[in-house]
Structure formats: C-alpha cells, structure tokens
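Q: Can you take me through this one? I'd like to start with a helix and then look at the holes.

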Amino acid sequence: MSSTKITNIDAVELQEGIQNAAFHEDDDDTSDASSSREQQATSVSVTRPEENEYTQIKPYAGMPKEVLMLYSRKACYRVPREIIFWLIIACTLALIAMTITIVALSPRCMSWWQLSPVYQVYPRSFKDSNADGVGDLKGIKEKLSHFEYLNIKAVWISPFYKSPMRDFGYDVEDFRQIDPIFGTMEDFDELLASMHDKGLKLIMDYIPNHTSDKHIWFQLSRNGTEPYKDYYIWVNCTRDKPPNNWVSVFGNSTWEYDEVRQQCYFHQFLKEQPDLNYRNPRVIEEMTDIIHFWLKKGVDGFRMDAVKHMLEAAHLRNEPQVDTDQDPSTVDTEFELYHDYTYTQQGLHEILTNWRIDLDAYSREPGRYRFMVVECYDYEEIDKTMRYYGTSYVTESDFPFNFYLLYLPDDLSGNQAKSLVHLWMSNMPKGKWPNWVVGNHDKPRIGSSAGTEYIRAINMLLLTLPGTPTTYYGEEIGMVNVNVSVIQDPFGHNSRDPQRTPMQWDDKLNAGFSDSENGTWLDIAPDYSTVNVELQQADAHSTVSQYRALSLLRGAELALSRGWFCFVWSDVNVFAYLRELDGLNKAFLVVLNFGEDTTTDLSSVTELPDTLTVHLSTVPISQKTFTKSRIPTSRGQGMLLEYSTNQRFHLNHASECYVSEKACYLPALDILYNKFSSC
C-alpha cells in the first residue's frame, strides 16, 4: 500500500517537471518501468482532470518558459499586449507620414550666404599686424570678433595672391601663392581654420580674366614656348597701329606691342594685365585647376571678378562709336564705344556654368555649400546681368552683384530708391535670390556720395530689403572718402584711393589700424577720433550699434529674412515698404527719408492697422507709437515699425510684391510649410 502511494507522488512530481523525451531506463528495468508508467497515467488521470493544465493561481519569480507561455495566452494578458503593439505601429506610420508631408511641403532651408550680410574686407586696409603700415592676413584674424559682433557669417576678402601690385592684387603673378606683404600660406591656413572654428565662411576673390605680365605663363607665351604660346591673345600689328579701335577700362588702346614677340597682346585693363585666351581649352583647364586648389584648402566660395571681359570676338572688327560724328582718333575711353565684341561674348556662360558644376561637386558635404557670385557692371543692360543667375534648367552663379543702388545719390529721393529696387526685383528671374550693394573698393563711399546724414537710413535699407546685403568695410561705422596726400592708384585722376583708406578701430595711433611709426600705406581719415569702432560700440545709439541691431533682427525675424516684400509708398522724400510672412501675425513697415522733413499719410493702406509701434529709429525719438495717417520723419531718418495683423497686403497687391520662395508659418508647430499656394 505504501509503495503505491510513493509511486503516485513521484508521478505527479515528474508530470510537473520538465519531461525529457530522450531519457531511457536500463534494459533490466524495462518491464518495471512500463508497469510504473501505466500506474502513473492512471494516477494522473484521477488526480488532474485536464492533462498539461497548470493550476498555480499567480505567476511566480523564476517560472519556466512553458509556464510563462501558458499565462501569455490568457485574454487578460494577450489583448492589452496586442492593443499596445498596434498602437505603436499606427503611431510610427503616422510619424513617418507627417515627416514626409512636412519635408514635401516645407520650403528649402536657407544657406549660409542667405542668412547674413556679406562683409567685404580690403586686406591692405583692414588691420596691420606687423607694423609695416599695410594690412595683412594675421590682422584679419585678430579682428574676427568684429564679424561676430556684427552677426556677420560670410567674409569676402579681396585679392591676396602673389602680385607686383600694379593694380593692388588684381594683377596676379601666382594664383597658388600668398603675396609676402599679406603673409604666408601658413597664415592663410590659420585664418581659414579660425574662421571655420567661429562659424564664419571665407569667400575668395578670383580673377579669371587676366594675369600679371610677370606671370610665368606670360613670360613663356611671349617667348613662343609651347604649350603657352596661345595662353594669351596675340595678333600681328605695328608699334604705331593697333589692330582695331578697342579701348581698355583704364583708357586708351587695349593693344600693347611686345618687343620680344613682335606682336600685340590684348589687355582690357592695364597693359601689365594681359588677358587670358579662353578660346584655348588648356587655359580653361589651368584656371579650373586653380579653383580646385583653393576648394581643397577649404574656402567656402568665390567672387569672380570682371567676368564679362573673359571672351572677345575672334574677328577683331572695330566696335561702333556711341557718337558717330566723333573723330575716331579721339576715342580713348570705354564709354565712347558700344562693346559688342569685347563684353559678354558667346561661350562665356558655358565656362561659368562648368565652374558652378565644379563648386557643386565640393558642396555635397552637409553644411559646406560652395558659393559663387560674379561681378559684372552692365549698367542699363540689366538683362545681361540677370543672365548670370543661369536658366530654369542650368544654375550659374548664386547671384550677380547688384550695383544699381550705387546710383541712389545721383537723384537722392524716395522715388529714386523705389525705382532702383524695383529695377532689380522686376527683372530678376522668378525664384532667384536678390542682393544689394552700396559700396566697394572701386566706387566712392556712400557716406560721401549721398551725405553722412543718410548713412544710417541707407544701412537700414540694405538690411531690411529681401536678399543678401553686402557691406564694404567701414560702412558699418559711417566711414567716408579721404583726400589722400599721395595717390597710389593707377587710375590717376580717377583714383580709388579715397575709399580704400585704413579701417578706423579706435582713437589711438593710426586709428588702431597699425602700430607703424612711419605712417600707413594710405592716409588715416581725419575724423578717426570720433568715427571709430571702439567709441561707437560703447554708444547704444551709434551707427555701428544700429547696424548690429538690424543684422541681429534680420536673422531672428522670418518676415525680414524670407518674407514678402511689398512697395507701400514713395515720393520725393520717403520710400516705404513692408515685410510680411503668411501665417505670421507680426509684420514690419520700413519708412526711409531720403529728402527733407515730412509727414507721410498711409491711411489709404487698409491692410495696415491704425497704430504702429517703433521698433528702431535711426535718430532718437521719444514717441513710441504712430498712427498710420501721420508718420513723421526727418531728413535722413529711417524707422522700422512693427505691427500685428491677420490681413495680408500681398494678396491684394500682387504687382507691388515679391518673394523668392513662398512659405507659410504654422505657429502651433513653429514650422514653415506650403510653398505652393496661399496660406
């Protein structure tokens, strides 16, 4: 009896344990094992009503997998698990769909060259680090904090290649070397690394049209050495009779007789700057290799100089005179001829487009877009300038420089300002990005040509128009032309020296530009003790403080950086426009006075609210709000007025408004979307 009970107990314990089908008893015990299994089966069938059912009430720690699986099949565990699983799947799919939708509907992110002003540094005049009276690369590095203060992200540095300096760096002797007056290649590498560490971009000046006559290519070409023989443009001529009537930018004939080769070579600038022959494929290859050399070093872009001069007609015909009655022998300036055969010739845009492709190849790394801007003065032929944007199928430059605001002082008024802005915006190809320039190393400073009382209003214009503004060094503090004591510029009586004088950093020796006790390469401005960076940074109402405030605001406000631009008003005194963005209630009205004291009535602009708040004024005022029917401005004053509205001006005034790319703001998610239609 007792032996039977033990067998039954053992049977239950074995049933609850993990069974091993591969286990076999000894052969001698086969019959006993068979009998025991029959008894176990009988015992289990009596004591456990359902085979393999586990009757433990609650799960316990360390339970085996088989037990855990029994519990996992129960509805109270299975159903919640399945609900959570499908919720996760649904949420994941929804997030993916939302991401795809946002990406599809969002406008493109703005690139670095669109996010801040471009600041032009003329290296001879920015900062001297070694007390020789001439600015250099180390000096620029010392002043990188100035760009950060101004919220500048892109810096264009004028030429610092090795050069005889006949045209102050635009006559290049070696495109792969730094001129000793500016430092060494190591100095350049350190400057570039420091700029990148601070989030700054470096734009180099690239001079494709010509070289110096000291360049090794020209020396070999004039000797007839292959393959350099045709690197430049040579024609048969005599000393006294040039091949045609073509005139250089600097005046007189474009042809210079060379005693060595006994032929004439072509130069559109100084005779020491012979033009390269872009009809020769090897020249294109050489100049492309130079672009690659600097791209590999890490430069962020190029300003391409004088590109319209790069090709000339091969037939060498005389160009037509502007005044047909003028004696041909007296024609000696570029403005006396129509340059049908020397400017913007067929094949030019193909060369530039291929260079754009080369830059794009280096732009594939995230955040390393390589920028390209071209210089071309086409004056009244603005359609030729616009061609440098490329076409709807082919990209060329990111933009050609817009020099038309340089003509603002010719007829300084609100109407003139509107006319010049409209000229660019109405001719610019749809979807392209505008830009604005009011000064550079070749043109008089705007403070001298327009008047110092208008400097702040012009800076406000520059920093509140849509697109990329370019600031020439010193404009942020209101520097003006200087009557230099000794002319250095080869232009002579048309000298560009007055706008190239040293930067005014403080009121100490040489305006803080140089420690030289022997003077500086050009005279220091006599007003440096009152017009300098250090003094103005300490004054919240100074020219540089207002420049900085506008630069920061431009980067922070979507309406200013990428919103609609709309003309609102212009007359002999005032130019007014607004900046708005669909979906964003905050908008800005800019009122600029380029004439005399006046009061402007904008009550006819129904989209404007009755009350406008002063965000910034270029002259101190006590009144902080104005009604739109009475906005007073004084001579040279600029006001940035802020207002809140749900009405959109551009919807009812399409002919007066422009935007490069439509975008709508969604406040709930703080995102931009829907670039295809109105919000």
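What follows is a short exchange on one helix, the cavities and the pocket.

A: Fine. Keep in mind that this is a predicted model.

Q: Helix 10 first. What span should its 17 residues have, and what is the distance between its ends?
A: Helix 10 covers residues 281–297, and at 1.5 Å a residue it should span 24 Å. The end C-alpha atoms are 25 Å apart, so the two values agree.

Q: What's going on at the start of helix 10?
A: Asn 280 has a side-chain oxygen within 2.9 Å of the backbone nitrogen of Arg 282.

Q: And just after helix 10?
A: Gly 298 sits there, with a positive phi of about 110 degrees.

Q: Which residues of helix 10 are buried?
A: Val 283, Glu 286, Met 287, Thr 288, Ile 290, Ile 291, Trp 294 and Leu 295.

Q: OK, holes. How many cavities of 30 Å³ or more?
A: Three. The largest cavity has a volume of about 60 Å³.

Q: What lines the largest cavity?
A: The lining is Cys 376, Tyr 377, Asp 378, Tyr 379, Thr 385, Phe 401, Phe 403, Tyr 404 and Tyr 407. By class, seven are nonpolar, one is polar and one is charged.

Q: What about the largest pocket, what volume does it have?
A: About 1000 Å³. Its lining takes in 41 residues.

Q: Which of those lie nearest the centre of the pocket?
A: Val 249, Glu 334, Asp 442, Lys 443 and Phe 491.

Q: And how does the lining of the largest pocket divide by class?
A: There are 18 nonpolar, 12 polar and 11 charged residues.

Conventions
Residues are numbered from 1 along each chain as its sequence is written. This is a predicted model: local features need pLDDT of at least 70, side-chain atom pairs count only at pLDDT 80 or more; totals for chains, interfaces and linings use all residues. Side-chain values use heavy atoms; hydrogens and water are left out. Helices (H or I, at least four residues) and strands (E, at least two) are DSSP runs, numbered from the N terminus. The expected span of a helix is 1.5 Å times one less than its number of residues. Buried means under 20% relative accessible area, exposed over 50%, partly exposed in between (1.4 Å probe, protein chains only). A polar contact is a pair of N or O atoms within 3.5 Å; within protein, one must be able to donate a hydrogen and the other to accept it, and residues adjacent in sequence count only if both atoms are side-chain atoms. On a 1 Å grid over the protein atoms alone, a cavity is a set of points where a 1.4 Å probe fits but cannot get out, and a pocket is an open set with protein on both sides within 12 Å along at least five of seven lines; lining residues have an atom within 4 Å of a point. Grid points are joined across faces, edges and corners, and a volume is the space filled by probe spheres set on the points. Ala, Val, Leu, Ile, Met, Phe, Trp, Tyr, Cys and Pro count as nonpolar, Asp, Glu, Lys and Arg as charged, and the others, Gly among them, as polar.
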